[in-house]
Amino acid sequence: MTEKTHEGSTVPHATEASADGAPHVSRPQEYDAILLAGFGGPEGQEDVIPFLRNVTRGRGIPDERLEEVATHYRHFGGVSPINEHNRQLRQALVEELRRRGMDHPVYWGNRNWDPYLEDAVKDAAANGHTRLLAFATSAYSSYSSCRQYREDFARALKETGLEGVVRIDKIRQFFDVPGFVQPFAEGVATALQDFASDGYAPEQIRILFATHSIPTADAERSGPQELELGEGGAYAAQHKAVGAQIMDQLTETGTATPQTQWELVYQSRSGPPSQPWLEPDVCDRIAELPAEGVKAVAVVPLGFLSDHMEVLWDLDNEALEAAADAGLKAVRTPTPGVHQAFVSSVVDLVQERMAAVPPQDRPHVTQLGPWFDVCRPGCCENVRLGFRPAAAGVAP
Ligand SMILES: CC1=C(CCC(=O)O)c2cc3nc(cc4[nH]c(cc5[nH]c(cc1n2)c(C)c5CCC(=O)O)c(CCC(=O)O)c4C)C(CCC(=O)O)=C3C
Ligand SMILES: [Fe+2]
């Protein structure tokens, strides 16, 4: 099924871009509803293994790794808090939309656990809502954080028989919108103030911005292929740009100093050891810091929206333990969660897309943004898995 775009060219129904892949929509768009697309997590011991199988289908994650990850969940009664976080985010978005006079329903569906995207899409269609604007709970560009959501949208439409009936567009990657960055900046500010009042000098402090490691092959292909952003691709470049922006902002206001050092580190690596993933690992770096004269470290979960398992286990448990072993004072700073600035920015993103706000007027705090509304051909491709159909982008 095809339809006319604002450029007058004909493209497959699931896309809204011009044939040349205009990165930002230039004509106001109408949507019936918002689709909150989450990762999903288990909510009981009996969910853990089926959930992990869902996450890793077709991925070649070694069994030992799955068993190890299962113990993280089991430690918390088999319950990840991520679904509860998304329930709260859904509610907060509804309230913020209503405050702005918008009555769009917000459907919530997950990639990997109940409620599934398929159910959300079915519910929406049953209520006559066929034009959905999706917000995926993932801020940066990479296969796992962008394209995979789009593939799962396409799969949900196909499996429900709603292909060509329901249309899903996706809100741009939001790593550099003010309300996503602010909660992290506040956390770094608090950590720096606490370290200062404990008597640590700037040279003794290290800020570690932590994000999910991904295979280097995925990192190289993150973002549009025509952008050359160096090692680690758009994924690493976006994180570094946000980290730099936070530190600049805090240096300007006197909370940080030009001597305050920071770096980007990675966590939660999986996959076979033979496969290269982004490094350095957060725990490996922490172990090296005392030799560099560091005495206090703030671990900032820059890659994540809420305190889910990757934060509670891999940072609060493993990274903070590594810091204790290294004799370092350490804190883990907050995630955005349902911080009002974050909720407000998400609704700004909804509104800018509906109104087709010109790129120069869109909120963004790094030179990389505002990111594309519509993924270009080849954006965030996965060379390991090969081509799979995806909604909400320019058709290849
Ligand atoms: C970039 C990225 C984000 C951030 C963006 C985003 O938020 O989307 C993220 C988030 C998350 N990752 C999560 C959980 C898992 N990720 C896994 C595996 C993987 N993640 C990857 C990447 C990412 N993951 C990759 C390249 C793999 C290898 C397998 C593959 O190629 O797909 C596995 C399998 C076991 C393991 O190997 O660890 C699990 C259980 C949870 C839920 C936590 C909870 O339940 O509270 C969340 C929010
Ligand atoms: Fe993408």
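This is a predicted model: local features need pLDDT of at least 70, side-chain atom pairs count only at pLDDT 80 or more; totals for chains, interfaces and linings use all residues.

**Around ligand 1**
- Domain 1 (2-174 + 339-361) and domain 2 (178-332) both contribute residues to the shell around ligand 1, so the shell lies between them.
- Of the 25 residues around ligand 1, those that come nearest are Gly 41, Ser 80, Ser 270, His 308 and Met 309.
- The shell is made up of 8 nonpolar, 14 polar and 3 charged residues.
- Helices H1 (48-56), H2 (63-75), H5 (143-159) and H10 (309-312) each supply at least two of its residues, and H1 gives the most, with 3.

**Two annotated residues**
- An unreviewed UniProt entry lists His 212 and Glu 310 under "binding site"; they are spread over 99 residues of sequence, yet cluster in space, with a largest C-alpha distance of 8.2 Å.
- His 212 sits in strand E7 (residues 205-212) and is buried, with 22 other C-beta atoms within 10 Å.
- Glu 310 belongs to helix H10 and is buried too, having 21 other C-beta atoms within 10 Å.
- Leaving aside neighbours up to four places away in sequence, His 212 touches Gln 267, Ser 268, Gly 303 and Glu 310, while Glu 310 is in contact with His 212, Gln 267, Ser 268 and Phe 304.

**Nonpolar cores**
- The largest nonpolar core has 99 residues, and those touching the most other members include Leu 35, Ala 134 and Val 188.
- Domains 1 and 2 both give residues to this core, so it lies between them.
- Apart from it lies another core, of 6 residues, among them Phe 51, Trp 113, Met 309 and Trp 313.

Note on methods:
Residues are numbered from 1 along each chain as its sequence is written. Chains are lettered from A and ligands numbered from 1 in the order in which they are written. A nonpolar core is a set of buried Ala, Val, Leu, Ile, Met, Phe, Trp, Tyr and Cys residues joined through C-beta atoms within 7 Å. A residue is buried if 20 or more other C-beta atoms lie within 10 Å of its own, exposed if 12 or fewer, and partly exposed in between; C-beta atoms are placed from the backbone. Domain bounds come from an automatic or database domain assignment. A residue is near a molecule or strand if its C-beta atom, placed from the backbone, lies within 6 Å of it. Helices (H or I, at least four residues) and strands (E, at least two) are DSSP runs, numbered from the N terminus. Ala, Val, Leu, Ile, Met, Phe, Trp, Tyr, Cys and Pro count as nonpolar, Asp, Glu, Lys and Arg as charged, and the others, Gly among them, as polar. UniProt positions are given in the numbering used here, feature names are shortened, and annotations may be inferred rather than shown by experiment. Two residues are in contact if their C-beta atoms, placed from the backbone, lie within 7 Å.
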